[in-house]
Amino acid sequence: MKILVTVKRTPQRDSRINVASGGTLAMESIEFEINPFDELAVEEAIRLKESRGAEVVVVTVGGEVCRRQLLSAMAMGPDRAIRVDAGEALDSLQIAKCLAEVARREAPDLVLSGKLAIDDEGAQIPAMLAALLGWPQANQASKIELSPDGKVAEVVCEVDAGLETVEVTLPALVTADLRLNEPRYASLPGIMKAKKKPMEVIPFDEIPDSGATRSAVIGYRALPPKPPGRSLGGVDELVEILSEKKLI
Amino acid sequence: MSDVLTVMGPLLRPVSNSDLAAVGFGESLAARSGGALDILILGPTTEDNERALVHLGVRNVYLLRHADLESYTAEAYASAVVAFVKDHRYQVIGAVSSSSAREFFPRTAAMLDVPMASDVFAVESLEPERAVFTHAVFVGNLLAAVELRGPMSLATCRASEFQAPKRVEQVSPVRRVTVSEALGHERKRFVAASRTQSARPELTEAEIVVSAGRGIKGPDEGLPLVEKLADIFGAAVGATRAVVDAGWMPNEYQVGQTGKVVAPQLYLAIGLSGAIQHVSGMRSSRTIVAINKDPEAPIFDVADYGLVMDLFEAVPELIQAIGGARH
């Protein structure tokens with residue numbers, strides 16, 4: 001089977017990003033990594049590869065700077081990488097269209113994605129990609145089980161009401177949630193091997209019907225600062241405050 | 001073309017504050033565009049819910065029933081919206097952020113080939129061909145103004161940031177719509193849903209939330225204390241990722257980037273450190289009280305009131321002090 005995993009280059013988790021003058025982001029000292037949710041998707045693909053054999057291809061949409069994240073992803077075990085060479089100004093539907101073109105060329109059985117990217121938190125692209133391909137999808141997976149013949153996936157999804165189990169017949173798209181697995185650290189041999197793995201670049205002008213950019217961030221601002229809280233001396237004081245506020 | 005549609009469903013449970021917030025979001029959009037607001041309920045609902053939704057001052061309440069919408073799948077719900085808007089024109093189609101809207105709304109946007117905004121905090125402006133929404137980014141640390149261009153767009157809203165519309169005496173007409181084509185995807189099947197039964201209020205609807213962090217030590221150690229405190233308050237119980245990952249509580253109790261966004265009158269954070277992923281799900285709470293023995297815990301940066309104390313001493317004392325006051 002063939003698995004395509006979408007990855008995004010995002011600021012390192014827990015980086016503190018500030019707003020510069022003019023409402024832009026101050027990104028000078030920020031380090032980047034693979035979006036943590038996409039890392040879960042990569043891990044899941046490698047586990048499927050190890051347990052039943054599969055070719056795993058990682059794909060991203062972005063400039064030359066994304067090479068490093070593709071290398072880190074391949075160091076975990078995937079076989080090769082594809083980068084659609086595009087600028088940063090694309091909107092989520094355009095990125096989904098780039099990924100759909102890659103999926104059409106590669107014809108994978110399964111596309112795995114993170115459930116959201118920790119930078120813009122839009123959580124739009126995977127569902128858009130599934131729609132563009134006309135494929136079924138399963139969102140926020142905490143467990144993926146493939147049938148012995150590899151044709152059907154039973155997916156446990158984390159939903160607001162608890163857990164929901166759905167069945168998708170491949171080809172299908174599944175997004176990874178936190179409890180799907182625990183991503184491995186790349187080994188040193190893995191990192192060395194990744195450098196020799198193929199990395200294909202698809203020029204953006206090869207993407208058919210990518211359309212106009214119709215969604216863009218026009219400015220960032222910080223949240224209004226919160227006044228410092230009050231430190232309480234003991235439970236008595238807390239009870240007093242709760243009664244004052246008529247919460248008890 | 002300046003009309004607005006609020007989509008909801010399936011609605012077998014009673015209409016919630018989150019559903020009403022979605023109507024409030026639609027109302028604020030229609031007020032800016034000068035158009036009318038309609039509600040579209042996908043799938044099964046109850047007569048009580050119909051009665052609740054016809055008193056919100058909207059132009060029409062549409063009910064779309066279809067064999068493929070009886071149990072929710074993203075594929076069928078997206079196809080239903082696409083089929084519905086073939087005969088109706090809207091400038092913005094909105095819904096409340098939820099695990100289902102997170103999957104079927106972007107799917108709908110791609111099928112309609114229109115842009116979308118996720119988890120909107122506020123509407124900055126709405127003009128023909130252009131909408132600007134505020135949306136939180138970087139784990140809720142920053143706000144971004146997102147501009148969408150074109151005659152139609154989709155948007156999900158954050159329930160805690162929008163108010164339910166005022167109830168009006170006037171009754172909106174209920175219109176049943178039918179779609180003859182199949183809506184489901186032949187390669188997708190709903191298998192089963194499982195949820196933990198609880199007599200406590202729904203996490204996203206509760207006035208008071210008592211949340212437990214790793215400090216509770218385990219399901220038999222601190223959890224009973226947290227639950228007892230919640231019951232005295234008539235509160236919902238929440239949890240951090242660590243507590244859910246450890247298997248001490250089910251996933252639907254998790255508050256944060258993964259999990260639910262809550263904004264109750266009172267949020268009691270018990271033995272939780274306050275990782276930004278958790279804070280992004282409870283930051284908008286009216287009053288935040290934190291109890292943690294570690295004075296350096298970041299939860300104290302967002303708490304209105306902080307008590308540096310071991311929860312195994314503080315919570316029993318609190319239960320004793322307020323137990324009498326409540327009963």
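Author: Chain B gives 69 residues to its contact with chain A, and chain A gives 61 residues. Residues are in contact if their C-beta atoms, placed from the backbone, lie within 7 Å. The side of chain B that touches chain A has 38 nonpolar, 13 polar and 18 charged residues. Here Ala, Val, Leu, Ile, Met, Phe, Trp, Tyr, Cys and Pro count as nonpolar, Asp, Glu, Lys and Arg as charged, and the others, Gly among them, as polar.

This is a predicted model: local features need pLDDT of at least 70, side-chain atom pairs need 80 or more, and totals for chains, interfaces and linings use all residues. Residues are numbered from 1 along each chain as its sequence is written, with chains lettered from A and ligands numbered from 1 in written order.

Strands also join the chains. β14 (residues 215-222) of chain A pairs with β7 (residues 142-149) of chain B, antiparallel, over seven bridges. Pairing takes at least two DSSP bridges. Ala216(A) stands opposite Glu147(B) in β7(B).

Now chain B itself. It holds nine helices and 15 strands. These are DSSP runs, numbered from the N terminus: helices (H or I) of at least four residues, strands (E) of at least two. Of its 327 residues, 56% are buried, with 20 or more other C-beta atoms, placed from the backbone, within 10 Å of their own.

An automatic or database assignment gives chain B domain 1 (4-177) and domain 2 (208-326). Their C-alpha centres are 32 Å apart. Their contact takes five residues from domain 1 and nine from domain 2.

Note on methods:
Contact = placed C-beta atoms within 7 Å. Buried ≥ 20, exposed ≤ 12 C-beta atoms within 10 Å, placed from the backbone.
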